[in-house]
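Here are my notes for you, as someone new to this structure. Have a look at the sequence and the model, then read through the points in order.

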Amino acid sequence: MKNLLEYLLIHLVDYPEEVSVEEEETDRGFEYTLKVHPDDMGRVIGKRGAVIESIRSIAKVRAVKEGIRVYIKLED
């Protein structure tokens, strides 16, 4: 899952070297924290949050196939 999120972000942003994805296992499932360059924040969020919601949807599809729960947040 982490590789998938990194792949999506790297191809979306202007500063791919600043992309990082942190994975943490909690009692609810897996929590992923996405970090990008401040100039890329708007690009990752998108208009009205459309891009980040699409990323979350793709992650949920993969999570269902793997039988896990995922939570994705974007760090400021």
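1. A word on burial, to begin: a residue is called buried under 20% relative accessible area, exposed over 50%, and partly exposed in between, using a 1.4 Å probe and protein chains only. V70 is buried, as its relative accessible area is 9%.

2. Some ground rules. This is a predicted model, where local features need pLDDT of at least 70 and side-chain atom pairs count only at pLDDT 80 or more, while totals for chains, interfaces and linings use all residues. Residues are numbered from 1 along each chain as its sequence is written, and side-chain values use heavy atoms, with hydrogens and water left out.

3. Back to V70, which sits in strand β3. Helices (H or I, at least four residues) and strands (E, at least two) are DSSP runs, numbered from the N terminus. Leaving aside residues up to four places away in sequence, V70 touches M1, F30, Y32, A59, K60 and A63; contact here means heavy atoms within 4.5 Å. V70 and R56 are 14 residues apart along the chain, and their C-alpha atoms are separated by 8.6 Å.

4. Now the helix pair. Helix α1 (residues 2-10) packs with helix α3 (residues 50-66) at an angle of about 155°, and their axes are 11 Å apart. The axes are lines fitted to C-alpha atoms, for helices over the stretch in contact, with angles running from 0 to 180 degrees between N-to-C directions. So α1 is roughly antiparallel to α3, a label for angles over 145 degrees.

5. Which residues make that contact? From α1 come L4, L5, L8 and L9, and from α3 come I55, I58, A59 and R62. Sorted by class, the contact has seven nonpolar residues, no polar ones and one charged. Ala, Val, Leu, Ile, Met, Phe, Trp, Tyr, Cys and Pro count as nonpolar, Asp, Glu, Lys and Arg as charged, and the others, Gly among them, as polar.

6. Next, the core. A nonpolar core is a set of buried Ala, Val, Leu, Ile, Met, Phe, Trp, Tyr and Cys residues joined through side-chain atoms within 4.5 Å. The largest one has 18 residues, of which M1, L5, L9, Y32, L34 and V44 touch the most other members. Two or more residues each come from α1, β2 (30-35), α2 (41-45), α3 and β3 (70-74). The largest share, four residues, is from α3.

7. Not counting residues up to four places away in sequence, L34 touches L5, L9, S20, V21, I52, I72, K73, L74 and E75. T33 lies in strand β2 and counts as buried at 9% relative accessibility. With the sequence cut-off of four places applied again, T33 touches S20, V21, E22, K73 and E75.

8. Is E6 buried, exposed or partly exposed? This residue of helix α1 counts as partly exposed, at 23% relative accessibility. E6 and K35 are 29 residues apart in sequence and 10.0 Å apart in space, C-alpha to C-alpha.

9. Last, check R48, in the loop between α2 and α3. Its phi is near 55°, a positive value in a residue other than glycine. R48 counts as exposed, at 89% relative accessibility.

Notes
Angles under 35 degrees count as roughly parallel, over 145 as roughly antiparallel, 65 to 115 as roughly perpendicular and the rest as oblique.
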